[in-house]
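Biologist: I would like to learn how to read a structure with a ligand in it. Please take me through the features one at a time.

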Amino acid sequence: MKYVLVTGGVVSGLGKGVTASSIGVVLKACGLRVTSIKIDPYLNTDAGTMSPFEHGEVFVLDDGGEVDLDLGNYERFLDLRLTRDNNITTGKIYQSVLEKERKGDYLGKTVQVVPHITDAIKDWIESVSAIPVDGKEGPADVCVIELGGTVGDIESMPFIEALRQLFFSVGPDNFCLIHVSLVPVLGVVGEQKTKPTQHSVRELRALGLTPHFLACRSAQPLLENTKLKLSQFCHVPGANILNIHDVPNIWHVPLLLRNQNAHEAILKQLALLHVARPPNLQEWTTRAETFDNLTNSVKIAMVGKYVGLTDSYLSVIKALLHACIACSLKPSIEWIAASDLEDESAKSTPEAHSKAWETLRNSACVLVPGGFGDRGVKGMILAAKYARENKIPYLGICFGMQISVIEISRSILGWKGANSTEFDEHAPNPVVIFMPEGSRTHMGNTMRLGSRRTLLQTPDCITAKLYHNPEYVDERHRHRYEVNPEVVGDLEKTGLKFVGKDESGQRMEILELPSHPYYVGVQFHPEYKSRPGKPSALFLGLILAATGQLEAYVKSNQNGSI
Ligand code: GLN
């Protein structure tokens, strides 16, 4: 196994994840098989309990792992299916060491950060990098490891030490360290400053790691003189100073690296030049350039709770982007804080209320994404009602599907007390209820997580046509509550159809409203499996419907595939 370690210096938020996945893309384009590991030095065992407000979305994997959103980047860029173990956290490492200690595995020794924690990190990296994640058999050729945080953080010290030891044990031909840094410019026409990079490289070297490459983020391309300085003061050959300057869209980043011959230099470092072929990035070039030249856009109303931080819905945004590009459109995402749509807001914040409604009315389609808790629920219900009554294409994801069921129960069945027991435990009409797969009494670990099969009840539904599969769909889940099976009969009397159910037939997975141009609710999260060249079927359906192309698409694709 060959390792490419990506560390970050100077400041956080440099796009280390995008840089690391782009390096993976370029290596993959050279014919190599690539896997990846993300290290998050925080103490949480996983991202499951972290607030989307603070940390961005929780990404969900096939195996139910709730992981850092960067793993989504790797899956999308490299078209991989990662496992929960591909995300290492301090919490997971300590947990494994402490479990061993309790079992008596350390034979009376004093358990210490070095060597026990560092050994656990090394073992974890070595065993996880060998798991095939690209659908093929056997381990990949290269494992890209991204170390989260910034070099010098107290929390990342054991990881740096473990990685230093790993480098030493696998040898220089099997290890390549790329340090991502920032080259800022002060003032309007000031010079490109190399000092922050020099300092962070010094920090790294003090810890026993010398970078083979620098990946410098900058607003404008680096000047020759700047590169020269960086090379001299950071002890990195000129050819290994890569520059990732600002580009119009992220798909340019692999192209930028290829144009600087990064692949050649990295392959040389890893003694892989003889097995690689010249990189084929045709698809990436077309996508990056097509996107730059798109002129038409489509307005999508995103009615959610966490609209302040767009990372909270990162995969949904990416899935919309993938679907829009497939339709040669730019997404114009209109964020609507659900609570602004509510009647109370008309009194307390009238301006925000009227603006929210105006935005909703001006949008070509409505999306209500996943969420937890009762804030904004009333507003989401109003948005779902508006979309249903005005025949505006609607996609409700997880929470968004539950919202549809509450809305239809209240508006059409007249069940004023219809609610989810998530926010009203004693709702007179519990239409969405807690349906754990395991124990009903234990609240911990009761989330239904990861990939589950949904059986389509009829080939004659829009979902089957969009997925090009009349039988089933496999998508990822992350929820506790579900449509109450006891009210399904009543709900179907309104014209609503549950066209997808789980294998037991008890869990409603997909709803459609056949009398509506596009009204789909899903209990799963289709966004997690969307890829740039393979948009998620239901997102594509939403955009096609929003632009009046759905019928033609379904007709022309009746016998074909995407
Ligand atoms: N809060 C809802 C549930 O637990 C929806 C979850 C979600 O949208 N991911 O079922």
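**Reading the ligand site and the backbone**

Modeller: Helix H16 (399-411) and strand S17 (472-479) each give at least two residues to the shell around the ligand. Helices (H or I, at least four residues) and strands (E, at least two) are DSSP runs, numbered from the N terminus. This is a predicted model, in which local features need pLDDT of at least 70, side-chain atom pairs count only at pLDDT 80 or more, and totals for chains, interfaces and linings use all residues. Residues are numbered from 1 along each chain as its sequence is written, and side-chain values use heavy atoms, with hydrogens and water left out.

Biologist: Which residues are around the ligand?

Modeller: A residue is near a molecule if one of its heavy atoms lies within 4 Å of it. Here they are Gly370, Gly371, Phe372, Cys398, Phe399, Gln402, Glu422, Arg478, His479, Arg480, Tyr481 and His525.

Biologist: Which atom of the ligand is 3.1 Å from the side chain of His525?

Modeller: A polar contact is a pair of N or O atoms within 3.5 Å. A nitrogen atom of the ligand is 3.1 Å from an N or O atom in the His525 side chain. For Gln402, a side-chain N or O atom is 3.1 Å from an oxygen atom of the ligand.

Biologist: How do I read a salt bridge, and which residue pairs with Lys385?

Modeller: Side chains of opposite charge can pair when their charged atoms come close. The test is a side-chain nitrogen of Lys or Arg within 4 Å of a carboxyl oxygen of Asp or Glu. Lys385 forms such a bridge with Glu389, with the closest N and O atoms 3.2 Å apart. The two are separated by about one helical turn because they are four residues apart in helix H15 (residues 377-389). The whole structure has 30 salt bridges.

Biologist: Is the peptide bond from Val114 to Pro115 cis or trans?

Modeller: Most residues other than glycine have a negative phi, and most peptide bonds are trans. The bond from Val114 to Pro115 is cis, with omega near 15 degrees. Pro115 is in helix H5 (residues 113-128). His235, not a glycine, has a positive phi of about 65 degrees.

Definitions and conventions:
Polar contact = N/O pair within 3.5 Å; in protein donor to acceptor, adjacent residues only side chain to side chain.
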